[in-house]
Amino acid sequence: MTDARLRYGRASLALSFLAQGVTFALLVTRIPAIQDRYGISDGLLPVFLAAVPVLAGVASVVTEKVVARVRPGVVLRWAQPVVMVALLGVGAGTEVWQVALALGVFGLAVGALDASMNMIGVSLQRAYGRSIMLGFHAAYSLGGIAGASMAWAGAHWDLSLLVSYLPAVVVLLPAVLIGSRWYAEGKAAGDAVAPGRDQAASVPFRLLLPLCLVMAFAYIGDSTVSNWSAKYLQDVLGGSEQLATVPYNVYMVTTLLGRAVGDLGVRRFGAVAVVRGGSVLAAVGFGLVAVAPGAWWGMLGFTLLGLGLCVIVPQTFAAAGRMFPGASDVAVARLNVFNYVGFLVGSPLVGALGDAWSYRGAMLVPMVLVLATLLYARSFGAEPARYGGGHERARAADVG
């Protein structure tokens, strides 16, 4: 593959990450409006919210099987439009069964999308021969900020869900369909699985487990910020209602900034050092949030959290690709499931501990889990697992 083809592939994948950031933010930031539109009770809402990551996890497992027959670019090319159409379905329905169906389709499609995007990202990084994964996730963070801003505008002007969602889909759907023409991935010559042995059998769970735990810990921390930062700042630290909306925005901005420069850090200091530094910084952030005497100290804690957590997830996917270069698609698909495990565990865990104990104390749990990443940091510098075939320097090849 030519250098130009690699550059086009990198740009088109970054566009897909950005579009998914917009789409997901538009959904999650309008959950109260979705609840009001369909008359979903407080008791039933957690069921709807949990169904999305559960179905996404199922789809990620299925994607592992699908990419044995078709390339990840084909999966992404079909999954991303379905996610956007499902978002419109969430905004256009009038009955509870309609939003349930739309959210179900959204969950299944987003699982396939997340898995295939990161599969391609890992393989492109291999083709480039240097760290570029954080850049893709920076595009996702930028999309998240844009989507949250659009959602704020929709709420501010009292627009219907469909009217709020439609402009983003009208612009982004044609863009990603056109961009999908240039999806590309890197193939490693000599990194193929040994003859007679399938890829699934070549990814032992015991070797992947440390990265799976790190992924779950990171998303427990992320979901804690997403779901509890506003309530914590207002109810525990005494911030105003207006100020309580700021921590998540600050978190997203610092996530973007950290990811924008993170690849440079990986190239200079190595993935192990960057992940260790991020883990310590995130733990300090959680600790500061837990002991903060007031709202502004809490804001500083959430700022540190964004800078620390942002590097961990992209590097976890990249580490799986390095560890299993001949079966990276399988490794990424399995690792992606723990994205949703962390998301499912984090918010209820903090809520239960906050109600039974205290919300300050609850913040110490994700702090400890993020610190546990230090125990597994060496996995980020692991040599490729051997299948009997060895490995050589990466070369580029089309998705097909």
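Predicted model: local features only at pLDDT ≥ 70, side-chain atom pairs only at ≥ 80, totals over all residues.
Local features are given only where pLDDT is at least 70, and side-chain atom pairs count only at pLDDT 80 or more, while totals for chains, interfaces and linings use all residues. Residues are numbered from 1 along each chain as its sequence is written, and side-chain values use heavy atoms, with hydrogens and water left out.

**Salt bridges**

A salt bridge is a side-chain nitrogen of Lys or Arg within 4 Å of a carboxyl oxygen of Asp or Glu. By this rule the model has five salt bridges.

| Pair | N to O distance |
|---|---|
| E64 and K65 | 3.7 Å |
| K231 and D235 | 3.0 Å |

Burial is stated by relative accessible area: buried is under 20%, exposed is over 50%, and partly exposed is in between (1.4 Å probe, protein chains only). E64 is buried, at 7% relative accessibility.

Helices here are DSSP runs (H or I, at least four residues), numbered from the N terminus. D329 is buried, with a relative accessibility of 8%.

K231 and D235 are both in helix α8 (residues 205-236), four residues apart, which means that about one helical turn separates them. K231 is partly exposed, at 36% relative accessible area. Elsewhere, salt bridges that share partners join E64, K65 and R334 into one network.

**Packing of α6 and α9**

Two packed helices are described by the angle between their axes and the distance between the axes. Axes are lines fitted to C-alpha atoms over the stretch in contact, and angles run from 0 to 180 degrees between N-to-C directions. Helix α6 (residues 133-156) packs with helix α9 (residues 246-269) at about 165 degrees, and their axes are 8 Å apart. The two helices are therefore roughly antiparallel, a term for angles over 145 degrees.

Which residues make the contact between α6 and α9? With contact meaning heavy atoms within 4.5 Å, the residues of α6 include M133, L134, H137 and I145, and those of α9 include M252, L256, R259 and D263. The contact residues divide into 10 nonpolar, six polar and two charged. Ala, Val, Leu, Ile, Met, Phe, Trp, Tyr, Cys and Pro count as nonpolar, Asp, Glu, Lys and Arg as charged, and the others, Gly among them, as polar.

Notes: Parallel < 35°, antiparallel > 145°, perpendicular 65-115°, else oblique.
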